[in-house]
Amino acid sequence: MQCATKLMEFNLENPLTNFNTIPSLFLLESDHMPTLKATDIDVCFRQEAICLISQFSCKFHPFISYLAVNYLDRFLSSQPIPQNKTWVLRLITISCVSLAAKMNRTDFSLAEFQGDGGFMFDARTIERMEYLILGALKWRMRSITPFSFISFFIPFLKLKDPALRQALKARAVEIIFKAQTVTKLLEFKPSIIAASALLFASHELFPLQFPCYHKAISSCLYVHKENLLKCYKWMQKIGKEREEGSMMDMASSWNTAVNVLDQQFSCSESGNGSAITTAALSVRREREMKRRKMNGYPNNETAHLSQVQHC
């Protein structure tokens, strides 16, 4: 498919080549969201589609899966889809993964997607579906996602140690990946999801600084305070489910989150790799110890927000 392969590779944190300023990202982010409300989306259909995307993209970079789901949500909200035809769902998901892989300049073969014995589609059929998706998305393939706003919100916490900033970002990225499966969060702008994920991460890693961080982000002119609070509560639910997972899953997710945004470290930053790892593990151990002492420190949002007046 020539038109899709000509799409330029883009950076996860800087998706727009012609608009490099933060105001432009905030201004255009709504164009990269589903047009339907979360309540109008068939949750079961979406979850099945996400499972297929995960299956088809399991050998690729995690960003490809995230981008494919973004395409899926925007496409599903643009037109009605037959709900009882399994082959339609499969064709749509394969095409979304294919487009995401092309945007990321990842080499692949259609056989990789269709080796599970399900419906088989030829290249021409997938290409026609890709064109349909491209048209529905108005060729806006350089999606503005929560990752685009991570670097903007991190400095609000005023952490001087690069290792601590990296730990905060890694945890927020981890939450953002998991949050994508929650249909309710489709109602929130990417910037709000990013801010909420960072707030949740700061609450876990730096509870003493959380009140001031919350105040700083809430005071940002680009942030809708009410939506921030609503989204943050959803992040708490997601985080709670996450903590109920196994320690093995925690380690795996942590490594994935770190790699997603920071594979392009400079030599100087790479030299501090051991320091970053040590700091991250240290913060995590401290967080786990605090959880074992639930009565020793207030762990609810209200208790922390009450300290805002002291910032």
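**Salt bridges and their surroundings**

Modeller: In this predicted model, Glu 226 has a relative accessible area of 48% and is therefore partly exposed. Its salt-bridge partner is Lys 230, with 3.3 Å between the closest N and O atoms. Lys 230 is likewise partly exposed, at 42% relative accessibility. Both residues belong to helix H12 (residues 225-243), where they stand four residues apart, about one turn of the helix. An α-helix has 3.6 residues a turn, so residues three or four places apart point the same way.

Salt bridges that share partners also link Arg 171, Glu 174 and Glu 204 into one network. Arg 171 lies in helix H9 (residues 162-179) and Glu 204 in helix H10, so the bridge ties together parts that are 33 residues apart in sequence. Arg 171 is buried, at 0% relative accessibility, and Glu 204 is buried as well, with a relative accessible area of 7%.

H10 (residues 190-205) should span 22 Å at 1.5 Å a residue, and its end C-alpha atoms are 22 Å apart, which agrees.

A further salt bridge joins Glu 187 to Lys 184, with the closest N and O atoms 3.5 Å apart. Glu 187 is partly exposed, at 36% relative accessible area, and Lys 184 is partly exposed, at 31%.

Note on methods:
Residues numbered from 1 in each chain as written. Predicted model: local features only at pLDDT ≥ 70, side-chain atom pairs only at ≥ 80, totals over all residues. Heavy atoms only, no water. Helix = DSSP H or I, 4+ residues; strand = E, 2+ residues; numbered from the N terminus. Expected span 1.5 Å × (residues − 1). Buried < 20%, exposed > 50% of the residue type's maximum accessible area, 1.4 Å probe, protein only. Salt bridge = Lys/Arg side-chain N within 4 Å of Asp/Glu carboxyl O.
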